[in-house]
Amino acid sequence: MFRRLAVFLGGFDLAAAQAAAGSCDVERFQVLDLLTLLVDKSLVVADDSGGQTRFRLLETVRQYAAEKLGESGEADAVRARHRDHYTALAALLDAPARSDYERRLGQAETEIDNLRAAFARSRENSDIDLAMQLASSLQPLWMSRARLREGLTWFDAALTDDNAQHAEVAAAVRARALADRSVLATWAGTADSLDQAQQALVLARELDEPALLAHTLTACGYIAGFYDAEAARGYFAAALAAGDVEAAQHAYEAAGQHLSFLPAMAALQRAYSAAAALAAGDLVAARHGAHEAVTMATGGIYLSQALTTRARVAIAQGEPEQADRDAHEALELAAEVQAYLGISDTLECLGTLAGDAGRHREAARLFGAVHGIRQRMGAVRFKVWDASYEASEKALRDALGEQDFEAAWAEGAALSTEEAIAYAQRGRGERKRPTSGWASLTPAERDVVRLVSEGLGNNDIATRLFVSPRTVQSHLTHVYAKLGLTSRVQLAQEAARRA
């Protein structure tokens with residue numbers, strides 16, 4: 001039992017131990033007794049603080065157990081059981097009608113290290129089908145828990161893996177992976193993401209599987225709605241993007257009846273519904289819907305979109321301070337996960353606010369930056385926002401004069417996406433996390449700190465997080481500076497104190 005537990009990374013629960021460490025010579029009912037004995041001998045640590053007991057091995061102990069597992073001749077079988085257990089756990093996210101769906105999402109996030117190991121195991125064994133299925137099953141996690149870039153890394157690794165050239169990957173699995181990857185790429189601002197979605201659609205039509213066809217059509221329509229509203233009509237009624245307010249309201253009301261099981265997606269739907277109400281001139285419904293969307297959103301992309309919508313509503317209601325807070329928070333969230341697709345809308349809100357406050361040159365620069373970002377991405381503004389934008393632009397031209405407006409616009413258009421974000425944040429005094437202390441650490445830095453506290457070296461941390469050792473060292477340099485520490489020992493002690 002002790003050596004088999006070496007397959008787990010970042011901890012495990014009883015069900016996982018029974019699945020991976022149990023076998024014909026260790027019955028499932030014996031696993032808890034054996035774990036208890038190992039806890040008593042201080043070879044396994046039991047943690048009851050989260051409401052459910054989780055177990056883990058200290059990293060030095062786990063490495064010793066891994067050596068014994070390698071010597072036993074059963075390592076492949078144990079790792080295969082570990083992979084199968086976590087692949088099945090991820091597959092539960094493909095059954096969204098479950099009443100405990102949010103709990104499942106939380107469980108997947110807790111088990112991310114084991115899921116990474118399962119993904120790596122599938123690739124090592126050239127089980128590309130399993131690797132792609134696992135990446136697709138975790139699509140709700142990538143979208144709702146600020147893990148956009150990691151999801152893209154998984155899909156890119158599976159779809160371009162050298163082993164994939166020699167493996168028979170089922171067409172349905174590849175189609176699903178292409179469609180899911182294209183949606184993540186859209187949020188990252190990749191202009192050619194529609195091409196991948198359309199490749200998936202071709203495969204789905206050849207297979208004639210209704211569920212897969214619906215999945216790929218949805219991906220195509222969703223992406224096209226941001227890049228080409230008329231093209232989107234070929235996949236579904238992208239009414240809000242095309243400017244058909246009444247159709248959009250009916251569509252989002254209908255969609256809302258089917259999304260209550262998944263608060264993250266329901267929040268996005270509610271934000272679009274509020275946008276439709278705003279475009280129709282119903283400020284009461286828009287305000288209520290936007291506030292609900294922000295309350296329901298779980299973070300990341302969804303919360304950023306909800307906050308941007310609420311900022312638009314606040315602008316329409318003459319509440320610039322509320323709009324400024326929401327827009328800047330939305331900008332920070334989107335920048336943190338590099339979900340650049342929605343940033344243009346957020347910056348446009350900030351440009352409108354700057355213009356209304358008399359900061360005309362700043363507003364013109366922000367509008368120019370938005371134009372540049374959309375040009376690079378190939379994205380478009382939803383038609384329902386055209387009238388308000390055109391009114392703001394005309395007011396700026398009148399206030400600055402044509403020559404000064406064009407000069408400020410050109411300065412903004414020349415900014416990269418990152419430079420435009422930084423410019424907008426400087427304009428407000430960079431309302432963001434503190435520059436020092438524990439609260440100043442980014443999610444990526446916290447991941448590195450957690451793994452340092454488990455005793456991992458930089459190379460092992462890099463492997464675990466799918467980044468380079470240089471990136472790990474860069475994160476550590478920032479962490480040491482923010483916390484005023486000078487060694488890994490001090491960092492591990494601080495992490496233990498904060499746990």
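## Report on a predicted helical chain

Serine 182 is found in helix H10; helices here are DSSP runs of H or I with at least four residues, strands are runs of E with at least two, and both are numbered from the N terminus. This is a predicted model, in which local features need pLDDT of at least 70, side-chain atom pairs count only at pLDDT 80 or more, and totals for chains, interfaces and linings use all residues. Residues are numbered from 1 along each chain as its sequence is written, and side-chain values use heavy atoms, with hydrogens and water left out.

Serine 182 is buried, with a relative accessible area of 0%. Buried means under 20% relative accessible area, exposed over 50%, and partly exposed in between, computed with a 1.4 Å probe on protein chains only. Leaving aside residues up to four places away in sequence, serine 182 touches Ser193, Gln196, Ala197, Ala219 and Ile223, where contact means heavy atoms within 4.5 Å.

**The chain as a whole**

The protein chain contains 28 helices and 2 strands. Of its 499 residues, 51% are buried. Among contacts with a separation of 6 or more, 65% join residues 24 or more positions apart.

**The nonpolar cores**

A nonpolar core is a set of buried Ala, Val, Leu, Ile, Met, Phe, Trp, Tyr and Cys residues joined through side-chain atoms within 4.5 Å. The largest such core has 115 residues, and Leu5, Phe12, Leu138 and Leu347 touch the most other members. Helix H10 (residues 171–187) supplies the largest share of this core, 9 residues. Apart from it lies another core of 18 residues, including Trp438, Leu441, Val448 and Leu476. In soluble globular proteins, nonpolar side chains tend to be buried together.

With residues up to four places away in sequence not counted, leucine 5 touches Phe12, Ala17, Ala21, Leu35, Leu38, Val44 and Leu57. Leucine 43 lies in the loop between helix H2 (28–40) and strand S1 (45–47). Leucine 43 and phenylalanine 2 are 41 residues apart in sequence, and their C-alpha atoms are 8.0 Å apart in space.

Helix H18 (residues 300–316) has 17 residues and reaches 25 Å from its first C-alpha to its last, close to the expected 24 Å; the expected span is 1.5 Å times one less than the number of residues. Because 15 of its 17 residues are buried, H18 is largely enclosed by the rest of the structure. Just after H18, glycine 318 takes a positive phi of about 75°.

The axes of helix H21 (residues 360–377) and helix H22 (residues 386–400) come within 10 Å and cross at roughly 135°. That makes H21 oblique to H22, since angles under 35 degrees count as roughly parallel, over 145 as roughly antiparallel, 65 to 115 as roughly perpendicular and the rest as oblique. Axes are lines fitted to C-alpha atoms, for helices over the stretch in contact, and angles run from 0 to 180 degrees between N-to-C directions. His360, Arg361, Ala363, Ala364 and Phe367 in H21 meet Tyr389, Ser392, Glu393, Leu396, Ala399 and Leu400 in H22.

Serine 126 has a positive phi of about 60° although it is not a glycine, and aspartate 208 has a positive phi near 60°.

| Residue | Relative accessible area and class |
|---|---|
| Leucine 43 | 30%, partly exposed |
| Serine 126 | 31%, partly exposed |
| Aspartate 208 | 59%, exposed |

Serine 126 is placed in the loop between helix H6 (112–124) and helix H7 (128–137), whereas aspartate 208 lies in the loop between helix H11 (193–207) and helix H12 (210–227).
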